[in-house]
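Here are some notes to read alongside the structure. Keep the picture open and check each point as you go.

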Amino acid sequence: MQMQRVDIWIAALLTLAMFSFLYKENPFYRVAEHVFVGVAAGHGVIVAVDSYLRPTVKSVVKDDQYIYIIPLVIGLLIYTRYVKSVAWLSRITIAFLVGIGAGIALTRQIKPFFLDQIAATIKPVWVAGKLGVSLNNIVLITGVVATLIYFFFTTSQKGVLKVTSTYGRWIMMIAFGAAFGNTVMSRISLFLGRAQFLMKDFLGVLH
Amino acid sequence: MKRELPVVITSVVAALYVVASFLDIKAFNVMKSHLDKWFLIISASTILLGVINLYVVHASAIRRRKPGFVYSIILLAALAFTLILGLQETSQGRNYAQLYQYVLNPLSSTMYAILCFYIASAAYRAFRMRSVDAALLLGTAVIVMIGVVPLGDVLWQGFPKLSQWLLDVPNTAGMRGIMIGATLGAIATGIRILLGLERSHFGRAE
């Protein structure tokens, strides 16, 4: 119980130190900021080690899956960039990552991000007795086409093409506005979470 | 050799992955499954690169007694503490879980929470209604924000419905168009990499 109280004090002091930046930059904020960067960087390493490297080494040692030595060695080649004479070997790591990434882009991404999106856009522009649904479908179809036309640079955008691309830009502005609104709301919910922690767990004025 | 070998490896790996995806042959299926796992293992193996760079920058600041070097000491101490604790008892350990719950989680939540004030003030300066585009962006953002809080329903009962319509119809249309365009770009880049035409990721020639 006593230990948990200490933990809450640490969390509360770090939270307040972070919030102090709203007044102006100060030493408390900078301490919290640097602790955050250090712990977050360390956490990234630990997650990678626990999720991938430890199980890989385990499968090599215990299950005789020697084939996983190859990706480990390829991965470690990236650190040759610190030795000038063999620095070019680090490109082999990048080559594998980019090669597999290109393979994924050319195969797995096509269906969910391209074909399925086109299929979902092919909707009836007239649904009998449902004017609202028809109008929504028209806005959706024209919006997708106009957005794509905005990025069509093969010919200069004049006349109908210019009007359509302007409509596409407006549709994108609405999408960016929605994304912005959602981002602000998610940040506000985080802020409320921290305020609730301070009021409830730390100060005990909320029950 | 130093430049050509990585280009050849990239093309061969990309080609093998694509061919394996189109052939339902056991040997190719096994190879594709291995490549998927290799991608994760190789990515994980490179994670220390960022930490090494962080160490180099801050160790140099400490050595040279640059202004604010005390903060570099704090950063490296926090990094070392997290690494030692995590390697000793894994991320599932009791003490590590406490470090996550009472240090990392509050700090990251608060860091993102204070950003809401800055993006709001930046938005005020950037999106003042000087054009139709800015008005649409600002108007949508305000309606979406008001629509998801109880206040919106109190002000006008149509706000939640309007907010949902904006998210479901024009927002979907815009995001879908961008997604299709971005995927076309990714496919084009993938083909360029496969053919060995795209080499910018290897950096400058020596």
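1. First, a word you'll need: a residue counts as buried when its relative accessible area is under 20%. By that cut-off, buried residues make up 41% of the 206 residues in chain B. Keep in mind that you're looking at a predicted model.

2. What is chain B built from? It has nine helices and zero strands. Walk along the sequence and the pattern reads α-α-α-α-α-α-α-α-α.

3. Now for the overall dimensions of chain B. Its C-alpha trace spans about 65 × 55 × 40 Å along the principal axes. The radius of gyration of chain B is 25 Å, whereas a compact globule of 206 residues would come out near 17 Å.

4. Contacts inside chain B are worth a look too. Take the ones between residues at least 6 apart in sequence: 28% of these join residues at least 24 apart.

5. On to where the two chains meet. How many residues of chain A are in contact with chain B? The count is 105 from chain A, and they meet 107 residues of chain B. Between them the chains bury about 10,000 Å², and 80% of that area is on carbon and sulfur atoms.

6. What about charges and polar groups across this interface? The rule finds two salt bridges between chain A and chain B. One of them pairs R169(A) with D133(B), whose closest N and O atoms are 2.6 Å apart. There are also 19 residue pairs in polar contact across the interface, counting pairs with both residues at pLDDT 80 or more.

7. Which parts of chain A face chain B? The helices giving two or more residues to that side are α1 (2-19), α2 (27-61), α3 (69-76), α4 (90-107), α5 (110-121), α6 (131-150) and α7 (160-202) of chain A. The largest share comes from α2(A), with 26 residues. Sort the residues on this side of chain A by type and you get 70 nonpolar, 24 polar and eleven charged.

8. Last, zoom in on one residue, N137(A), which sits in helix α6 of chain A. Is N137(A) buried or exposed? N137(A) counts as buried because its relative accessible area is 8%, and the cut-off is under 20%. Leaving aside residues up to four places away in sequence, N137(A) touches K123(A), P124(A) and V127(A). With P124(A) you can pick out a particular pair of atoms: a polar atom of the N137(A) side chain lies 2.9 Å from the backbone oxygen of P124(A).

Definitions and conventions. Residues numbered from 1 in each chain as written. Chains lettered and ligands numbered in written order. Heavy atoms only, no water. Contact = heavy atoms within 4.5 Å. Buried area = accessible area lost by both parts, 1.4 Å probe. Salt bridge = Lys/Arg side-chain N within 4 Å of Asp/Glu carboxyl O. Polar contact = N/O pair within 3.5 Å; in protein donor to acceptor, adjacent residues only side chain to side chain. Helix = DSSP H or I, 4+ residues; strand = E, 2+ residues; numbered from the N terminus. Nonpolar A, V, L, I, M, F, W, Y, C, P; charged D, E, K, R; others polar. Buried < 20%, exposed > 50% of the residue type's maximum accessible area, 1.4 Å probe, protein only. Rg over C-alpha atoms; globule rule 2.2 N^0.38 Å.
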